[in-house]
Amino acid sequence: MNTTLALIAAKALPALSGSSLTYNAEKNVCLTLGYTSAAGNTYYKAIRLSDRLAIYYHIGEGYARTFLNGITLFAWNGQKANIIAQKFWGGSNWRCFNERSAKEECILMLKNFLAGQAKAMGSMVADRQLVDFSRTMVEATYQKHLA
């Protein structure tokens, strides 16, 4: 991982401080060190970063499939990362991990956050504009930022 990006992640995303990270260049994603449960499932976070947004996919790997336990969106407020949206699945409501559907879920989560922010500011923004802007922000986390 690029030294500058590692320092930024340590400061901007305190939850990562002290964690072991690896970078998967093929998928352009940072992965936390996983742990294995008594049932034999391995759990870890896949992290996507941009200059304004961090997406944590809470992932589990079982014997037959990879599943998505949740998604957490963070935004940088100038001093630290703040959770702006979270959604979890589990128990009988688990989902198989699918990159495309996870990405669409992130777009919806960010759109809902931005709609709430617009409403709190007394502004009206068209739903389509919110979706388009959210898509652009989420897609920025898929861009390669490493040298």
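Among contacts (heavy atoms within 4.5 Å) in the protein chain between residues at least 6 apart in sequence, 41% join residues at least 24 apart. The model is predicted, so to speak of local features a pLDDT of at least 70 is needed, side-chain atom pairs count only at pLDDT 80 or more, and totals for chains, interfaces and linings use all residues. Residues are numbered from 1 along each chain as its sequence is written, and side-chain values use heavy atoms, with hydrogens and water left out.

**Overall layout**

- The protein chain holds three helices and eight strands; here helices (H or I, at least four residues) and strands (E, at least two) are DSSP runs, numbered from the N terminus.
- Along the sequence these elements follow the pattern α-β-β-β-β-β-β-β-β-α-α.
- The protein chain has 147 residues, of which 37% count as buried; buried means under 20% relative accessible area, exposed over 50%, and partly exposed in between, with a 1.4 Å probe and protein chains only.

- Strands E1 (residues 21-24) and E2 (residues 29-32) run antiparallel and are joined by four bridges; two strands pair if DSSP finds at least two bridges between them.
- Leu21 has Thr32 in E2 standing opposite.
- Four residues lie between the two strands of this hairpin, and Asn28 in the turn has a positive phi of about 55°.

- H3 covers residues 127-140, 14 residues in total, and its first and last C-alpha atoms are 20 Å apart, close to the 20 Å expected at 1.5 Å a residue; the expected span is 1.5 Å times one less than the number of residues.
- Leu130, Val131, Ser134, Met137 and Val138 are the buried residues to look at in H3.
- These residues lie on the same side of H3 because they cover an arc of only 130° around the axis; the arc is that of the directions from the helix axis to the C-beta atoms.
- The packing partners of the buried H3 residues are strand E5 (53-61) and helix H2 (99-120).

**Nonpolar cores**

- A nonpolar core is a set of buried Ala, Val, Leu, Ile, Met, Phe, Trp, Tyr and Cys residues joined through side-chain atoms within 4.5 Å.
- The largest such core has 23 residues, and Ile55, Tyr57, Ile71, Leu73 and Val138 touch the most other members.
- Two or more residues of this core come from each of strand E4 (42-49), E5, strand E6 (66-76), strand E7 (81-88), H2 and H3.
- With five residues, H2 gives the most to this core.
- Apart from this core lies another, of seven residues, including Ile47, Leu49, Tyr56 and Ala81.
- Leaving out residues up to four places away in sequence, Val138 touches Leu53, Ile55, Lys103, Cys106, Ile107 and Leu110.

**Salt bridges**

- The whole structure has seven salt bridges, each a side-chain nitrogen of Lys or Arg within 4 Å of a carboxyl oxygen of Asp or Glu.
- Glu99 and Arg48 form one through their side chains, at 3.5 Å, N to O.
- This pair links distant parts of the chain, with Glu99 in helix H2 and Arg48 in strand E4, 51 residues apart.
- Glu99 counts as partly exposed because its relative accessibility is 27%, whereas Arg48 counts as buried because its value is 3%.
- Glu104 and Arg135 also meet in a salt bridge, at 2.8 Å, N to O.
- That pair too links distant parts of the chain, Glu104 being in helix H2 and Arg135 in helix H3, 31 residues apart.
- Glu104 has a relative accessibility of 36% and so counts as partly exposed, and Arg135, at 24%, counts as partly exposed.
- Asp132 forms a salt bridge with Arg128, and their closest N and O atoms are 2.9 Å apart.
- Asp132 and Arg128 are about one helical turn apart because they are separated by four residues in helix H3.
- Asp132 is partly exposed, with a relative accessible area of 39%, while Arg128 is exposed, at 52%.
- Lys87, Arg95 and Glu105 are linked in a network of salt bridges.
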